[in-house]
Amino acid sequence: PSQLAAIHPVSRMQYEIEDIFTSLGFTVQDGPHCELDFYNFEALNIPQDHPARDMQDTFYFKNGAILRTHTSAIQVRAMERIKPPFKILGPGKVFRVERCDASHEAAFHQLEGMVVAEDISVANLIHTMKTLLSEIFKKETNIRLRPGFFPFVEPGFELDIACQICNG
């Protein structure tokens, strides 16, 4: 007999990532796709004249609502309800006005984690990312965290992972 239905590969990957993070003590949070400007921009100190608010980057509705452009809105909503210390994960679909090609799409999946507690350092971030990637690839994974410039976060980092074939 043939299988009539299955979990979508994107959903399967999201569930696997959620399981890894919950094993590290994170709670999974959710939020609406159709978001208020406050949660998507204002609460994150993204000013009215920031390029991310441009019509070409964000889907706006006539009533002022938008399709969320990142999952940071999930974090903002969670911080309204949860008192520190906490570890939260905000996975979900986000939307941006993009010219579609092989590497760009108007809707894509993103996930953000946030930890608020005493004695948290970059070492905790490195450990979390190394654990995540080692679990996903089912083997020890070498990573490197390097400084990166992002105008909306300080400090900013970029994560590099060793090639899973040659380890280079």
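Rings of Phe, Tyr and Trp (for Trp, its six-membered ring) are taken as a pair if their centres lie within 6.5 Å, and the pair counts as stacked with planes under 30 degrees apart, as edge-to-face over 60 and as tilted for the rest. The structure is a predicted model, in which local features need pLDDT of at least 70 and side-chain atom pairs count only at pLDDT 80 or more, while totals for chains, interfaces and linings use all residues. Residues are numbered from 1 along each chain as its sequence is written, and side-chain values use heavy atoms, with hydrogens and water left out.

A search of the whole structure finds two aromatic pairs, which are set out here.

| Pair | Centre to centre | Angle between planes | Class |
|---|---|---|---|
| Phe 21 and Phe 26 | 4.9 Å | 85° | edge-to-face |
| Phe 38 and Tyr 39 | 5.1 Å | 85° | edge-to-face |

Accessibility is given as relative accessible area, with buried meaning under 20%, exposed over 50% and partly exposed in between (1.4 Å probe, protein chains only). Phe 21 counts as buried because its relative accessibility is 6%, and Phe 26 is likewise buried at 6%. In the other pair, Phe 38 is partly exposed at 43%, whereas Tyr 39 is buried at 12%. The charged end of Arg 77 sits over the ring of Tyr 39, 3.8 Å from its centre (the test being that NZ of Lys or CZ of Arg is within 6 Å of the ring centre and within 35 degrees of the ring normal).

Phe 21 and Phe 26 also belong to the largest nonpolar core, whose six residues include Ile 17 and Leu 132; such a core is a set of buried Ala, Val, Leu, Ile, Met, Phe, Trp, Tyr and Cys residues joined through side-chain atoms within 4.5 Å.
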